[in-house]
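Reader: Could you walk me through how to read this one? I'd like the general idea each time, then the case at hand.

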Amino acid sequence: MRIGLTFDLRSDYLKEGYTEEETAEFDKESTVEAIERELHFLGHSTERIGHILNLTRKLVSGERWDLVFNISEGLYGIGREAQVPAILDAYKIPYTFSDPLVLALTLHKGMTKHVIRDCGIPTPDFAIVSSMKDLGAVDLPYPLFVKPNAEGSGKGIAFNSKVSNPEELRTTCADRWKERNFPLLVETYLPGREFTVGILGTGEESFSVGAMEVIFRQTAGESIYSYDMKANYEQFVDYALPEPEVMGPICEMALKAWKALECRDGGRVDVRLDAQGITNFIEVNPLAGLNDITSDLPILARMNGYDYSFIIKTVIDSAVKRIKQ
Ligand SMILES: Nc1ncnc2c1ncn2[C@@H]1O[C@H](COP(=O)(O)OP(=O)(O)O)[C@@H](O)[C@H]1O
Ligand SMILES: [Mg+2]
């Protein structure tokens, strides 16, 4: 097949003056190269399309592909992750990973939690706040956790994300809103162990490739997988395989969430244990990082016996089934 690649190259945005943190979710050149290598190995030819503006220019000039391998997370708007898939749908070009509905929903952590809760999957109680006056209506027991409603890669998460009383809640929210107000998700703090689960495939054919525990070292201070922790994971965290009796139920819950949300081809579900030791859903990543060395999905898959080639091949196989339908 002739496969086009859509992505947001981090270096393009850094050149334009964006900061490391603003571009935290964007891709490294090495990620695109690793995906290309695997696709060539599978016998496909590839073409780099790049970001959404390049995609639209190419489409208008008449270019087409048999399949697009889409890892573009977009830059503007709550629908930013859904934009490339929506455009590809309009041109009837098949693509890897989830559809616009899933990508728009799951970028909004609060809306996703409504659906997850409706499916009977445990997730902390929460409120969405967009201004200081919303804080008065927060009626949840402390400690609470404060994070951006629609970000990823640990952006906007720091040592003061865990708050123990209304005053700390106000201080943290005021700090996040220093430059501009945006929706924050305030939810019950989960004090237990943290895991991230890898899922490959779609619907009934999806399966878990296993989980890894994120263990915070003393140097990490708080047990929070923030942007700094992720960016310097070799310094702050250890990754470990959970015991089999823990692994089973975590993976089962993550798979249930994956199917309920109708995510496709591959991604990750982040979970954490509550005070009672019950596994709670934190968030799903339907466009999980795919750097072969540093991203969580390839790392956890490797620890569970699945290599990078297997991930890319399974994603392609899963997407190709849709073309044939
Ligand atoms: N309710 C919570 N209780 C405790 N820690 C949390 C909670 N929500 C998030 N965290 C911590 O913050 C990290 C990032 O949160 P997450 O929602 O996964 O955001 P991101 O999209 O940035 O990965 C989690 O991996 C976890 O360490
Ligand atoms: Mg996460």
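Author: We'll go through domains, a helix pair and a metal site. This is a predicted model, where local features need pLDDT of at least 70, side-chain atom pairs count only at pLDDT 80 or more, and totals for chains, interfaces and linings use all residues. Residues are numbered from 1 along each chain as its sequence is written, and side-chain values use heavy atoms, without hydrogens and water.

Reader: Which domains does the assignment give?

Author: Domain bounds come from an automatic or database domain assignment. Here that gives domain 1 (2-95), domain 2 (115-119 + 191-324) and domain 3 (125-188). The C-alpha centres of domain 1 and domain 2 are 23 Å apart, and 25 residues of domain 1 touch 17 of domain 2 (contact means heavy atoms within 4.5 Å).

Reader: At what angle do α2 and α12 cross?

Author: Axes are lines fitted to C-alpha atoms over the stretch in contact, with angles from 0 to 180 degrees between N-to-C directions. Helices are DSSP runs of H or I, at least four residues, and strands are E runs of at least two. α2 (residues 29-41) and α12 (residues 308-324) come within 10 Å and cross at roughly 70°, so they are roughly perpendicular (65 to 115 degrees). Thr31, Ala34, Ile35, Glu38 and Leu39 of α2 meet Tyr308, Ser309, Ile312 and Ile316 of α12.

Reader: What coordinates the magnesium ion (ligand 2)?

Author: Donors are N, O and S atoms within 2.8 Å of the metal (3.2 Å for Na, K and Ca); water isn't among the atoms, so sites may look incomplete. Asp270 (OD) and Glu283 (OE) coordinate the ion at 2.0 to 2.1 Å. Asp270 sits in strand β11 (residues 266-273) and Glu283 in strand β12 (residues 279-285), 13 residues apart.

Technical notes: Chains lettered and ligands numbered in written order. Parallel < 35°, antiparallel > 145°, perpendicular 65-115°, else oblique.
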